Each structure stands twice: as C-alpha cells, then as structure tokens.
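Reader: Please walk me through this model, feature by feature. I would like the general idea first, then the case at hand.

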Amino acid sequence: VVITLVFTDVMLSLLQREFPPLSKVINGEPMVIVDQGRPLEQRLRQARLTADQVLESARHLHGLERMEDIKFAIFEANGKISIIPYPRAATAENPVA
C-alpha cells in the first residue's frame, strides 16, 4: 500500500511538471475573494467561505476590524487566506517612512 501511494505521488508530480495546466486542476489556483473592501459573494460561495472567516483572518493577521480596511483578500491554493490591507494613513504618532 505504501509503495502504491509513493508511486502515485511521484507520477502526479512528474505529470504536473510536464503539463502545467494539470497542476492547476490538481492543486487549484489562488482566488481573490475581497476586492477593494467588497466581499465577492459568488467567489466566497465557490471557496466555501464566509465573510466572517475572512474578517477572522484579517483580525488575526493584521488587527483589522472592518471589511472596508481590506484592500484584497486572496484564498490561496493551500487553503489559507492572505490579507492585503489598505496602507494606514500617516499620523503625528505613527508617521509613514
């Protein structure tokens, strides 16, 4: 059984290297799920995610509390959510370099 699994893994890796479109089918592609602070509902459904899960990721990664603070959110092929926040405005206490 172990040999069969290793053989299958090696064969799939070789096929993905030779046929890049196959890699997209097997591994998936990153998908933008929030654009300019607006959740893309159809893509969220397609990824089986909710806006609350995106906000949870935003809070955890960047301390963001509102969807409007997210410039882009990307559902990565590995299943994680990447958050790209809007740049913070420069203030007297927190100047931008």
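Author: Start with the elements. Helices (H or I, at least four residues) and strands (E, at least two) are DSSP runs, numbered from the N terminus. Gln 36 sits in the loop between β1 and β2 (38-39). This is a predicted model: local features need pLDDT of at least 70, side-chain atom pairs count only at pLDDT 80 or more, and totals for chains, interfaces and linings use all residues. Residues are numbered from 1 along each chain as its sequence is written, and side-chain values use heavy atoms, with hydrogens and water left out.

Reader: What is the phi of Gln 36, a residue other than glycine?

Author: Phi is near 55 degrees, a positive value. Arg 48 is not a glycine either, and has a positive phi of about 60 degrees. Arg 48 lies in the loop between α3 and α4.

Reader: Is Arg 48 buried or exposed?

Author: Take the cut-offs first. Buried means under 20% relative accessible area, exposed over 50%, and partly exposed in between (1.4 Å probe, protein chains only). Arg 48 has 76% relative accessibility, so it counts as exposed. Gln 36 has 35%, so it is partly exposed.

Reader: How far apart are the end C-alpha atoms of helix α4?

Author: The expected span of a helix is 1.5 Å times one less than its number of residues. Helix α4 (residues 51-62) has twelve residues and should span 16 Å. Its end C-alpha atoms are 16 Å apart, which agrees.

Reader: Which residues of α4 are buried?

Author: Val 54, Leu 55, Ser 57 and Ala 58 are buried. Seen down the axis of α4, the buried residues fall within an arc of 160 degrees, so they line one face of the helix. The arc is that of the directions from the helix axis to the C-beta atoms. On the other side of α4, Asp 52 and His 60 are exposed.

Reader: What covers the buried residues of α4?

Author: Think in contacts, meaning heavy atoms within 4.5 Å. The cover includes β1 (31-35), α3 (41-46), β3 (70-75) and β4 (81-85). Just after α4, Gly 63 takes a positive phi of about 70 degrees.

Reader: Where does Gln 16 lie, and what is it in contact with?

Author: Gln 16 lies in helix α1 (residues 2-18). With a relative accessible area of 18%, Gln 16 is buried. Leaving aside neighbours within four places in sequence, Gln 16 is in contact with Leu 22, Ser 23, Ile 26 and Asn 27.

Reader: How many salt bridges does the structure hold?

Author: A salt bridge is a side-chain nitrogen of Lys or Arg within 4 Å of a carboxyl oxygen of Asp or Glu. The structure holds three. One joins Arg 17 to Glu 18, with the closest N and O atoms 3.7 Å apart. Arg 17 is exposed, at 59% relative accessibility.

Reader: Which residues are linked in a network of salt bridges?

Author: Arg 66, Glu 68 and Asp 69 are. From Arg 66 to Asp 69, the closest N and O atoms are 3.1 Å apart. From Arg 66 to Glu 68, the closest N and O atoms are 4.0 Å apart. Arg 66 is partly exposed, at 48%. Asp 69 is also partly exposed, at 24%.
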